[in-house]
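Please study the sequence and the model before reading each solution.

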Amino acid sequence: MDDTLPTVSLPSGITLPALGFGTWNMGEDGAKAKDEIAAIGKALDLGMTVIDTAEMYGNGGAEKITGAALQGRRDEAFLVSKVLPWNASLKGTIQACEDSLKRLGTDHLDLYLLHWRGDHPLEETVAAFERLRREGKIREWGVSNFDVEDMEELFSVEHGHNCAANQVLYNLTRRGIEFDLLPWCQQRNIAVMAYSPIEQGRLLNNADLIHMAKAYQATPAQVALAFLLEREGVLPIPKSANVHRVEENRAAVELDLTDEDLQRLDTLFAPPQRKQPLEML
Ligand code: NDP
């Protein structure tokens, strides 16, 4: 059984483990802090070192929890955070980044994303990202919830082609990106960070998925993650505040889905036949 994590390469050549970790809903309830910190630590222990957070999550609370978990271990993580669209002006992005760095207790982010498109011109956000990069406050930058048209517009902006990643909703029940956005990103080596990879838990009650998982002595979450891990350039970021579920999710890489199973999944969760507007949560 191979438990080596597959990898995803960024356009700059940086290589990342293809299974990361999400922190949405963390940092909202002090009573849960201990478990959340332990879960992030477990993700690092298991090599799921791409840790995704955002200024939005818990109003900065998730960044604080992440910072606490990374104390003394910052170098092990590839740390990702996001700027809210209404902060994404030239000055606002720089300020938001500095605020995130303070909450995270670090001097740099490995990847900084625009959380979704807003009213500030992309030129301004990109200029801010490039300045932050020159100053060593971020290593890479990218976007989130950008459809093909948004990506094309981004690439028309000065330095827009420096985008390293696009974080989008992608799971068995949300396969629209396979029609156009996924190949568009794959052709350019832009990492596709798959958010809500188990549909926030809703996928786990699917009877067919449960049935298929049983055949592997696996869980539906593992099948859902294994499906994503099959795809080149895709980096799912499941969230769990439970160390056992973090271990369970990590073990998804050991599942080697057969062609027959992948065909079965295509029957159960049909791939797109035409353009579908990008969905978001
Ligand atoms: P996920 O699909 O990762 O599901 C998380 C939920 O599933 C939690 O309730 C978790 O509960 C539960 N869970 C996790 N693993 C298991 C398991 N093995 N068995 C049973 N339940 C499980 O949803 P998210 O929306 O959190 O997406 C992941 C990450 O993506 C976010 O945390 C965030 O970092 C990012 N994201 C980005 C967005 C964007 O706009 N850019 C939007 C949404 C998410 P528990 O913690 O109790 O284990």
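**Exercise 1.** How many residues surround the ligand, and which are the closest?

*Solution.* This is a predicted model, in which local features need pLDDT of at least 70, side-chain atom pairs count only at pLDDT 80 or more, and totals for chains, interfaces and linings use all residues. Residues are numbered from 1 along each chain as its sequence is written. A residue is near a molecule if its C-beta atom, placed from the backbone, lies within 6 Å of it. The ligand is surrounded by 28 residues. The closest are Gly22, Trp24, Tyr195, Lys239 and Ser240.

**Exercise 2.** Determine how the shell around the ligand divides by residue type.

*Solution.* Ala, Val, Leu, Ile, Met, Phe, Trp, Tyr, Cys and Pro count as nonpolar, Asp, Glu, Lys and Arg as charged, and the others, Gly among them, as polar. The shell then holds 11 nonpolar, 12 polar and five charged residues.

**Exercise 3.** Which helix gives the most to the shell around the ligand?

*Solution.* Helices (H or I, at least four residues) and strands (E, at least two) are DSSP runs, numbered from the N terminus. The chain has 10 helices and 10 strands. Helix 9, residues 243-250, gives the most, with three residues.

**Exercise 4.** Why does the radius of gyration of the chain agree with a compact globule?

*Solution.* The radius is taken over C-alpha atoms, and the globule rule is 2.2 Å times the number of residues to the power 0.38. For 281 residues, the rule gives a value near 19 Å; the chain has 18 Å, so the two agree.
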